[in-house]
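Colleague: Before we look at anything, could you show me how to read an interface and then a strand pairing in a model of this kind?

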Amino acid sequence: MFGIFQSLPTQTDAGMRSAGVTHNSLLTVVVMLIGLAAGDVNAREQEELQQGTLIMHAPDGSEVMSLPVSTKVRMQVSGLINRVWVEQTFRNGSEFWLDGRYLFPLPENAAVDGMELKIGERKIQGQVKTRGQAKADYEKARAEGKKASLVEQHRPNKFFSTRVANLAPGEAVQVSIHYQQTLSYDNGRFSLRFPMLVAPRYQSPSGEPETDLISAYGAGQQAETDNSGKQGGASPGTVDIQAVFHGAGALGQILSPHHWVTVSPGSEDSLEVTLLDALPNRDFVLEWQMADPGRPQAVSYMQSGMSHVPSDTSVAELEQNTEYGVVMLVPPVTGNHEFNQGRELVLVIDVSGSMGGESIRQARQALERALTTLSSADRFNILAFSDRVTSFSAASIPATKNNLHRAYRFVDSLEADGGTEMAPALLQALKVTEDKTGLRQVIFITDGAVGNERQLFELIRNHLGDSRLFTVGIGSAPNSFFMEKAARSGKGTFTYIGSEQQVAERMTELLDKIASPVMTNLQLRYADGTVPEYWPANLPDLYAGEPIMVSLRQQAGRSDELIVSGDTGALDARKQFWQTSIDLGRQVKSRVAGLDLLWAREQMAELRFNETGTNHPRVKEQITALALKYHLISPYTSLVAIDVTPDKPVDAESRLAEARLMRPAGWSGGASGQVMPKTATGSPGELLAGLILMLTGLSGYYLVSRKRMLKA
Amino acid sequence: MKSVKLLAIAVILGGLALFIKGGYMQAKAHFAQFLVANAWQKTLEQGGEHKPWSWADTWPVARLFLHSEHKSSASLQHNDKGAKSLYVLAGAVGRTLAFGPGMLLSGAKPGEAGNTVIAGHRDTHFASLQYLKPGQVLSMQIPSGETIEYQVFDAGVYHESDAWLMEDTDRSILTLITCYPFDALFANTPYRYVVRASLRQTIEKS
């Protein structure tokens, strides 16, 4: 994915306090911080926060971590998509007015697209606005004399965070968020997780004695009545979770490894899983498989209308007639990869000057890792390019022991030097040899330091044929955007390797995946021959261990059958046509599965993919329009917290603790693990050390000589 | 006695080697800029990419002026005596950075909407970054001959993993990155000193 999930949180410290001054508009714009990642979450909190938590600042400067009094969760599972609504209630158990932050640790691959806060009478809503609008709102607040600050942050979105201000003694705050998650799939097994762990220990920053939340947990009621503010609200609370599985007919048994649940048939083709008891300190986990995991299959899910109902009624009415759907293609689960025979692997490595130093070492390791996966029936070749191409062999040769041995030596001898001319290397890698059988896989290892990007994309599209291009980015600041696009043009994937430690893991992941393609040339059409509006427009290949989700949109009531087809057995030249049909007309249409959001996100990705220097303004406009319509965070829109309560005076001044250290040392980096370039040479140190050594040596030499002279 | 003498000589030679290595880094940093200057002149005259020496893997993409004090735009000319000028090379990898500050190829081109990211060594070219303060003006000459002005809005220390600083932005900004602390003797540090500036105006070719 690209950076669609970045947010521009808008923060004003005292929007609430200013209430009650002059205006009575329903929309007192501006308040708070909505951060999909919270710049002000420090490292320890990151480790310790394992469920939704309210962190409040006590008047003495210490912090109180408060667990929810009640948690209500509703999930809608459609294939790999899990749409989740969470509502958590917290209570201010102290006798003070408190300010704080709500933090929710998002599961992997999840993005928040909606939120609402209820604090007593006040109601604060997350609204998607263009960045310009968000900024204007902020300026307006400033002009009205409100204390405001705008924070621009791009952070890996591991945490959802929002500020909670002016929580009265004994008052409750109800936080609800919507997020959408892509579920994990491993070896035929789907799983979902909802965080319910309790942090083991929390040392308050002011050096107060440790507050042991586990014991506070056991003494739940007591803790709640304890007004010291130290453990306010640290009770287990009630937990109510319900998950609805759509298209349950295709699913096998649903298992809950940690908690007791009931599974009951819901409406039509769905199953409802309800949590019976909430054992403390265990995440809520569900696991399931396909009912018939032995063969490839296509499953579809439909939804009518949008997840976030547009405020504009005419748009809403139009949308009544639109349906969103997802087709999930699931690879079969086979113990041994029977097709893993006789593939052709072409490894291309960039040895231009820009790859010097650590980059070339990593690239060599990556190459060696790829060579180890070859079996004797496979064929391979290695191309090294700078301003000219050096090939290991004229054409691909069998991966015999002898040939591999020579290949390792070839790789060892590679040094980085010279310019970058990528086109000849790409051409040679994609050039089809005469005795061609099945799929050629090209792994392209580079830092992407090229100038003529557009020309290269074209070259890839024109010469791809039956080959597949997988790009591997190396170094501290590779040109990821180019490589992602190149891989997409080449029907492959992009892998980023940020450090030497990641080489083995990331390369193994990539090689395992591409070792077993299940289906190529995937196509989607209606029975009458027309093609639905679907994303991604260029369907990728289906690999073992990785289902594909295709997002589509159609007019409501369309009852045509959808036909999904592809070729199996791509690697061993025993190509077979595979086809299945899905009756969309008889599909159950769920209301709130979030399929429209996936559709919009995929379309944004497609727009970004086709973006060039000239159509940039148009693409920006299109992405902005999509984001506003579907209520999504994008590079051009933000989720902004807006107070929608009518104004009224607030009598008590609330205390806001000092903002704490923004950037903890040793922050573990973004999701990509990308770091900034290294920009120190150590030459001053070398000069100084050299000078000292020379002086030491000279004086030693002098002393020795003098002694000898004295002796003489 | 003889062995002590030999040891002394070895220490002298070792020291000399280190001194030369360190000096070579510094010399490369200073003298490369002259060769790059010629290539830049060619770029201005003929357009296109010109490598400073035939086996180079990089080429100048801009000329950056770090002004010594706050200047009004009228006085911002290339012959401004108070300005320190640096030729910016394509690509921000170790090999390029030894010769001059490098512009991230994945970032926006100067003047276009987006984030233009330039990294430079703290102990050679970008040592003077530490004196830049918010409000100060930077300017940059681009291949078309135009000069673009930026105004610093943020300067501070970040952790190396704060890669969001290099992400694309909506408006046109310039991000200068160098290692921190400035006066450290050796190379490894997880901290970066980052100066961010936003676009002010473009001045026509004079």
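Colleague: How many residue pairs are in polar contact across the interface of chain A and chain B?

Modeller: This is a predicted model, and across the interface of chain A and chain B the rule finds one residue pair in polar contact, with both residues at pLDDT 80 or more. The count of salt bridges between chain A and chain B is likewise given as one, and there the side chains of Glu686(A) and Lys21(B) meet, at 2.9 Å from N to O.

Colleague: What area is buried between chain A and chain B?

Modeller: About 5100 Å² is buried, of which carbon and sulfur atoms give 63%, while the contact takes 58 residues from chain A and 56 residues from chain B.

Colleague: Turning to the strands, is strand 11 of chain A mostly covered or mostly open?

Modeller: As a general idea, side chains in a regular strand alternate between the two faces of the sheet. In this case strand 11 (residues 159-167) of chain A is mostly covered, with nine of its nine residues buried. Strand 7 (residues 98-105) of chain A pairs with strand 11 of chain A in the antiparallel sense over seven bridges, and Leu98(A) stands opposite Leu167(A) of strand 11.

Methods. Residues are numbered from 1 along each chain as its sequence is written. Chains are lettered from A and ligands numbered from 1 in the order in which they are written. This is a predicted model: local features need pLDDT of at least 70, side-chain atom pairs count only at pLDDT 80 or more; totals for chains, interfaces and linings use all residues. Side-chain values use heavy atoms; hydrogens and water are left out. Buried means under 20% relative accessible area, exposed over 50%, partly exposed in between (1.4 Å probe, protein chains only). Helices (H or I, at least four residues) and strands (E, at least two) are DSSP runs, numbered from the N terminus. Two strands pair if DSSP finds at least two bridges between them. Contact means heavy atoms within 4.5 Å. Buried area is the accessible area (1.4 Å probe) that two parts lose on being put together, summed over both. A salt bridge is a side-chain nitrogen of Lys or Arg within 4 Å of a carboxyl oxygen of Asp or Glu. A polar contact is a pair of N or O atoms within 3.5 Å; within protein, one must be able to donate a hydrogen and the other to accept it, and residues adjacent in sequence count only if both atoms are side-chain atoms.
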